[in-house]
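I record the items in the order in which I looked them up.

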Amino acid sequence: MDKPKGSVLVVGGGIAGVQAALDLADSGFFVHLVEKESAIGGAMSQLDKTYPTNDCSVCIFSPKLVECGRHLNINLVTLASVEDVTGKAGNFTVKIRQAPRFVDPDRCIACGSCSEKCPKKVPNQFDLGLSKRKAIYLKYPQAVPLKYTIDSDACIYLKRPGRCGACVKVCPTDAINFEDREKSFEINVGSIILATGFRPFDPAVLDFTGYGKLPGVVTSMEFERILSPSGPTHGHLKRPNGKDEPKRIAWLQCVGSRDINRACHGYCSTVCCMYAIKQAVIAREHASWDLDTHVFYMDVRTMNKGFEAYYSRARKEGVNFHRSRVHSVLPQPPDQGDGLILRYSGEDGELKEQVFDMVVLSVGVETSPEILELAGRLGVRLDHDRFLEASPLSPVSTSRPGIYACGAALEPKAIPLSVVDASAAVLESELLIHEARWSETRKKEFPPERNIYSEPPRIGVFVCSCGINIGAVVDVERVCRYAQSLPGVVFAQTNLFSCSQDAIERIAETIREKGLNRVVVASCSPRTHEPLFQETLREAGINKYLFEMANIRDQDSWVHRDDPEAATRKAMDLVRMAVAKVRRHIPLPYESIPVTKAALVVGGGVAGMTAALALADQGFPVHLVEKGPQLGGNARTLQKTWRGDDVQPFLHDLVERTSGHPGITLHLGALVQEVSGSVGKFSTTLSSGTSVEHGVAIVATGAASFIPRSKRDEKWRYLHGQHKNSVNLLELDRRFMDDPDALSHLKQVVFIHCVGSRAEDRLYCSRMCCSRAIRQALQLKKLNPGMEIFMLYRDIMTYGKREEIYLEARRKGIIFIRYDLDSLPRASLDAHGKIQVDVRDHILQEQIRLHPDLLVLATAAVPREDSGELSQLFKCAVSADGFLLEAHMKLRPVDFATDGVFLAGLCHYPKPIEETIAQAKAAAARAGLILARDYVPAESITASVDQTRCVGCGVCQEVCPYFAVKLDEKNRKAVVDKAVCKGCGVCVASCRSDAITLLNLGNQELMSQIEALMEDDPEPFTVQELS
Amino acid sequence: MYFAVLEGLRRFKIPHKFEFISIISLYAQWIRDGRLKVSSAWNVQGLKFTVQDPCKLVRQGLGDTVADDLRFVIKQVAGEDNFIEVWPNRSNNYCCGGGGGALQAGFKENRRRHGKAKFDQLAATGADVVITPCHNCHTQVKDICSHYQGNWETTHLWNWIEKALVMEDRSREGKNG
Amino acid sequence: MIDLKGLRRRVKAEIEKAVPDARIDYCLTCGLCVSGCPASGIEGLDPRKFLRLLVLGRDEDILETNWIYSCTICQRCRYACPMGIDIGRIVYEIRGMRPREKRPPNLQRSCDLQKQSNSTGIPNDDFVWVVNDVLEEVRENEPAWRDLKAPIDKQGAEYYLNQNAKEPTVEPEEMVPLWKILHVVGIDWTYSSKWWDGANYCLFTGDPEDWAYVVRKQAETIDALGCRYYINTE
């Protein structure tokens, strides 16, 4: 192949596309990000909160969007579509068509004057038509790029020139350009990533839902907007009439999903169960009254990390759940009210009726017609559900080499898996074009930093409204005026969204213009937004540590919504404290660490091997550590994927490639014993005594199968280990592989699902067992179609496309009987010593006795007992269930909070093999971000020892979790290795001599903050107010 | 019965030369074409109408199109504002409980229990007249009305079309002759 | 207790033979049909329980229950069923599995009469006589309608009109409004003196050959008259 191109086309600016673009751009590739709308953000930007963490969706997403918009190596092409692709993997020519914006993005400052004056109102699609917007508009307040757009279908002028043009008259920068025309152009890229997402199912075709006819019936996406602070009711829970507050809301699940009749979508949309539970929980939080919430469902699908616990909490908090699909939504007779009647049946067939003020249709997802057309133009195949088809064991590769896909374009999936996919697609691109890394990228150059040592503090304060998040509660103008009065403050200003691109540019401009040398932004959380503002300081030519944030949103406006006056005063306090602290800040050096270009992968299963190969194939040396004597892990016991593809040939190939790869050093029978160092420069000692130097680590240590040990778990035993015909899924797979003929003679087989999962100590779903058990049952039916198979289950978790094997199983005559936790099936021995199983049929409500020749237990996947120790070595967290905890459940699914350490596979959470592969590739891509560089930045806020005070007691050395502090052998004084220090401050707190401090975060700085808090309030409460 | 013929022709592949149509579709077409002139002027007291969408004609037959035609005709005949929608309706309507041979099968109590859903939804409209374009529906709706003590009149559509006929040509003829 | 030591499901197998797309096994037991069916609860059954009996091989219960005559085969369940299961069709098959002597006598009789001509069993001559008699009366008593027509067996008429047997049998005056409407519109239409009934109760007994027989007779009659359209009045 000729040398490949070093740039990549990403189609779609939702979370998957944005993640892919950022990962690529940060690892040495130039990215063209093509988005059909006027701004990136996709569906995630429309959501209110995200489950299971209840994070504000746009708040956690916005920093990524802004980064995308500002990234030197991302070319954002909005209002654009891909017309044609020619060429081949490594060198594609892509024709792109871009619709006119009619607003010059280089001139538009997003002041909004145009929109204010525009006389034409049209339904706002961002709010799904629940509100109005103008013909010239911003897609949403945090839009990236933050540039207005003219809707040519609505604009009066564009239809009849001369008739309006109000925007032209008010625009202060002459940005309106009615002469703008459609453009076509070509780009060359090495690979293509499709992140084209989904569209919500339109329930208007299902007349019985009442959607479009009964005003109280809304879709879940509409309800997200109703809950959202930036939505049509500003987050106030209202009925769609915009007036009354709903007292009773119902959610109807599976609208447009798992429906092969009217909706024509046999698949499960995966996300709806959890978003409905979340909406019910959040709606109850929004309501100051006692909101009655009811969810009507078929199976509650809580098959991912934290979901079952979230569901359990929702039930405890009073969300009502009914296992019942409702035929029709009907209006109350007019003389009785304007409510909506739901008639539903209990499992026993008893009919009940309830009246609701609102019914939310939990609509599924589907591929939009434009994407179907695009797939046709690109020559990538679709599957029968009309999603992009991926190879079974290469989950992000489409049918056309060099074109990859990620996220909901492939299958309905939630945000974390879309993010995983995105990184995995990046990895595939890297494997294809890694030779061209850094060949087309540009390098960020910051201006030289101004020396501010001789200057008196010139502090600038920027107070953010965060739309209405802060502005609706806190009087930001008053806070701004107050800030101006504080000592050292020479400038203060309010921003609608301080993180918007124009505001960022304005802040930089102000720093330069006013000669600011300290900056305070009073807005949200430094966790998400500090890096953005710090970079702005650098662009403006001052050291980024001359910065402080006051969190007047999460810690103020959000929690004191009912008391605006007190919230405003608290904001003033927080600003005063931040100003007091930043006054003492000094510029800190930007440390960096040379990267050891090698990786350590712990675990020799599918995840570990996939990650190791993914890195080694790019030329990064890998050390693969496996505690057992051979590679393969849990997959050695896995016969087939859920689709029915054989796993063993794949595994065999993976093992061969791994063992034979010159870039992979195998350490079999070895354990990780000691880890030191940090991102870019780790040093790890193995039990074999070998010491390994590496820049990154990937933990892929797998999981184990549940075996009842405690008395409490005795009920899950089901004669396992006591009767030879009671086996678990792994053992059955073994029998399939060893002697399938013996299985073909079975007459009756009973499967019991959820053995040990979703209860008590293991309040989580093991995710893979439903599909695996059903696949096995289908295999048995294939061996002997006359075999009677019963599956005793609680909720069938065949999410996404897996639903098709659930249907196939039923079609083959496999009988599903549902049980509850309070009436578990019972297994016993009959008079002949044969297994018999008793269960109650959920529909006929009668006891059933089964006589299986084989009883198969779908036992839980449980964390490995030693995974806790390993995670401690890498300073990684473990969740309550014992699985390893990623840095952020939504947006950083393969990163640990510890930089440079990543995770993949079952150690993270139970998952099927294709998800393990995707996650391993994603982990490799994320690790590659570091390995692709020569240096990584080190922490600047580090501990610093005052040698004159240090008494050499050594406590700091003992407590440092990073082994960064050592006592100098000679003079018995503490010394900090700046490259390793993370600035956590444990040593500072432990020092009895007050000898250690953190730069910019030491006692002086903190005390000045506290003193500022205690200062007399310039606008004190009067005695009257206080009483 | 519309469905019996429609589905019978289809399922048993019975050869035929004619085109099979519903009188309801024709009424609507004739009114739209001006061949059938009707006026709601007769309805001075504002009698309220609702409708029973027959399963066999609508859900199993011609779908919402014929249900819309039915409403169009009633509104032309009784006055736009004198039609009260019933819920559920059209293709999603409840069966009256008299179809499927239930009227002949003889399980009277069961049949009336079945018809309770129909009675409740019709009663909720408060209409004075229930149009039943199917004979089974007509008999059953009439029966449940009296059994559950409703106070509407159960009738065919043609009686009201007759009432609403505008006889222009005929009156001219009368004058001339 | 149901002891499932070997699952025999004769009825289910028979239905599946007759209706390959019966989808009995597809049922998700979601309960949608139960909430949408006016016959739920009658005879202790509902559509979902009915299917479950089939799935679990409770053949005697299935063959004995009279719920199959409370289900009116209205297909409202199928309309919204996520799996598109046609319970009405299944009920139809089971009705047909009943021996004739065990079927509701009046229902079977309606069909048997239908196979002779019409569901009430009035002779075709009576039908012709009633139509002409009523027509005569209108023409005499209502001057505005003195040229009203009700043609029977008019060869080559454009439209064929059926007549439900109820009117000529018990309420003949109910035929008149439609004649008047057709007269005003001015179409060329005709009744037939045989196979004139628009109903077909053989649709409900469960014997497809009876149903087909009646439809075939009707079709032959209309084609013999040479009508272009068949207007069905219900």
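**Entry 1: Gln75 of chain C.** I looked up the contacts of Gln75(C), counting a contact when heavy atoms are within 4.5 Å. Leaving aside residues up to four places away in sequence, Gln75(C) touches Arg59(B), Gln60(B) and Asp86(C). With Asp86(C) there is also a side-chain to side-chain polar contact of 2.9 Å. I take a polar contact as a pair of N or O atoms within 3.5 Å; within protein, one must be able to donate a hydrogen and the other to accept it, and residues adjacent in sequence count only if both atoms are side-chain atoms. Gln75(C) sits in the loop between α4 (59-64) and α5 (76-80) of chain C. Its relative accessible area is 12%, so Gln75(C) is classed as buried. The classes are buried under 20% relative accessible area, exposed over 50% and partly exposed in between, with a 1.4 Å probe and protein chains only.

**Entry 2: basis of the values.** I note that this is a predicted model, in which local features need pLDDT of at least 70, side-chain atom pairs count only at pLDDT 80 or more, and totals for chains, interfaces and linings use all residues. Residues are numbered from 1 along each chain as its sequence is written, chains are lettered from A and ligands numbered from 1 in the order in which they are written, and side-chain values use heavy atoms, with hydrogens and water left out.

**Entry 3: chain A overall.** I find 27 helices and 52 strands in chain A. Helices (H or I, at least four residues) and strands (E, at least two) are DSSP runs, numbered from the N terminus. The C-alpha trace of chain A spans about 95 × 85 × 75 Å along its principal axes. In chain A, 62% of the 1027 residues count as buried. Of the contacts in chain A with a separation of 6 or more, 72% are between residues 24 or more positions apart.

**Entry 4: the five-stranded sheet.** Which order do the 5 strands of this open sheet in chain A follow? I read β38-β45-β39-β40-β41, with parallel pairing. Two strands pair if DSSP finds at least two bridges between them. The edge strands are β38 (726-728) and β41 (815-818) of chain A, each of which pairs on one side only. Neighbouring strands of this sheet are turned by 25° against each other on average, direction ignored. Helix α18 (residues 729-738) of chain A packs on the sheet and touches β38, β39 and β45 (854-859), its direction making about 95° with that of β38(A). Helix α20 (residues 769-783) of chain A also packs on the sheet; it touches β39, β40, β41 and β45, and its direction makes about 175° with that of β39(A). For these angles, axes are lines fitted to C-alpha atoms, for helices over the stretch in contact, and angles run from 0 to 180 degrees between N-to-C directions.

**Entry 5: strand β40.** Strands β39 (residues 748-755) and β40 (residues 788-793) of chain A pair in the parallel sense over 5 bridges. Val750(A) stands opposite Phe790(A), and Gln748(A) has Glu788(A) as its bridge partner. Of the 6 residues of β40(A), 6 are buried. Glu788(A), Phe790(A) and Leu792(A) point one way from the strand, and Ile789(A), Met791(A) and Tyr793(A) the other way. In a regular strand, side chains alternate between the two faces of the sheet.

Entry 6: I find 4 strands in an open parallel sheet of chain A, ordered β26-β25-β27-β28. β26 (489-495) and β28 (547-551) stand at the edges with a single partner strand each, so one side of each is left without a neighbour in the sheet. The twist averages 15° from one strand to the next. α15(A) packs on this sheet, touching β25, β26, β27 and β28, and its direction makes about 165° with that of β28(A). Arg576(A) is placed in α15 (residues 564-582) and is buried at a relative accessible area of 4%. Its side chain reaches the backbone oxygen of Leu1013(A) at 3.4 Å.
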